[in-house]
Amino acid sequence: MVRALMCLELILNSINLNLVTFSDLFDSRQLKGDIFAIFVIALAAAEAAIGLSILSSIHRNRKSTRVNQSNLLNN
């Protein structure tokens, strides 16, 4: 599960890189890409906090953080 959270962080960082790069390349006078990148950074911080709290809760209850062993969402 930690690996999945790290992969999500890498995806969000690549989105930020693309937003800033294409904003500078196509629209250098306006800061739309930079502003969107700041929103994505805020979203990544919230995702990390919520994801790590869920991870710690699962580890506390199940003593394992493996995604394939966790069946908490099955009904």
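Tutor: A word on terms: helices (H or I, at least four residues) and strands (E, at least two) are DSSP runs, numbered from the N terminus. This is a predicted model, where local features need pLDDT of at least 70, side-chain atom pairs count only at pLDDT 80 or more, and totals for chains, interfaces and linings use all residues. Residues are numbered from 1 along each chain as its sequence is written, and side-chain values use heavy atoms, with hydrogens and water left out.

Student: Okay, how many helices and strands does the protein chain have?
Tutor: The protein chain has 2 helices and 0 strands.

Student: How far does α1 reach from its first C-alpha to its last?
Tutor: α1 has 25 residues and spans 36 Å, close to the 36 Å expected at 1.5 Å a residue. That expected span is 1.5 Å times one less than the number of residues. For α2, the 31 residues reach 44 Å, close to the expected 45 Å.

Student: Which residues of α1 are buried?
Tutor: Leu5, Leu12, Asn16 and Ser23 are buried in α1. Buried means under 20% relative accessible area, exposed over 50%, and partly exposed in between (1.4 Å probe, protein chains only).

Student: And what do they pack against?
Tutor: The buried residues of α1 pack against α2, and those of α2 pack against α1. On the α2 side, the buried residues include Gly33, Ala37, Val40 and Ala44.

Student: Let's take Val40, then. Why does Val40 count as buried?
Tutor: Val40 counts as buried because its relative accessibility is 13%.

Student: What does Val40 touch?
Tutor: Not counting residues up to four places away in sequence, Val40 touches Leu12, Ile15, Asn16 and Leu19. Contact here means heavy atoms within 4.5 Å. Val40 and Ile15 are 25 residues apart in sequence, with 8.0 Å between their C-alphas.

Student: Now Ile41: is that one buried or exposed?
Tutor: Ile41 is exposed, at 51% relative accessibility. This residue also lies in α2, and its C-alpha is 7.8 Å from that of Leu12, 29 residues away in sequence.

Student: Changing topic, how many aromatic pairs are there?
Tutor: The structure holds 1 aromatic pair. Phe22 and Phe26 are stacked, at 5.9 Å centre to centre and 10° between the planes. For this, rings of Phe, Tyr and Trp (its six-membered ring) pair if their centres lie within 6.5 Å; planes under 30 degrees apart count as stacked, over 60 as edge-to-face and the rest as tilted.

Student: Where do Phe22 and Phe26 lie?
Tutor: Both are in helix α1 (residues 2-26), 4 residues apart, which is about one turn of the helix. Phe22 is partly exposed at 44% relative accessibility, while Phe26 is exposed at 65%.

Student: Which residues form the nonpolar patch on the surface?
Tutor: Leu31, Ile35, Phe36 and Phe39 form it, with about 440 Å² of accessible area together. Patches are made of residues with over 30% relative accessible area and no salt bridge: like charges are joined within 9 Å, nonpolar side chains (Val, Leu, Ile, Met, Phe, Trp, Tyr) within 5 Å. A salt bridge is a side-chain nitrogen of Lys or Arg within 4 Å of a carboxyl oxygen of Asp or Glu. Accessible areas come from the Shrake-Rupley method with a 1.4 Å probe; for residues, only the protein chains shown count as cover.

Student: Where is Leu31?
Tutor: Leu31 sits in the loop between α1 and α2 (32-62).
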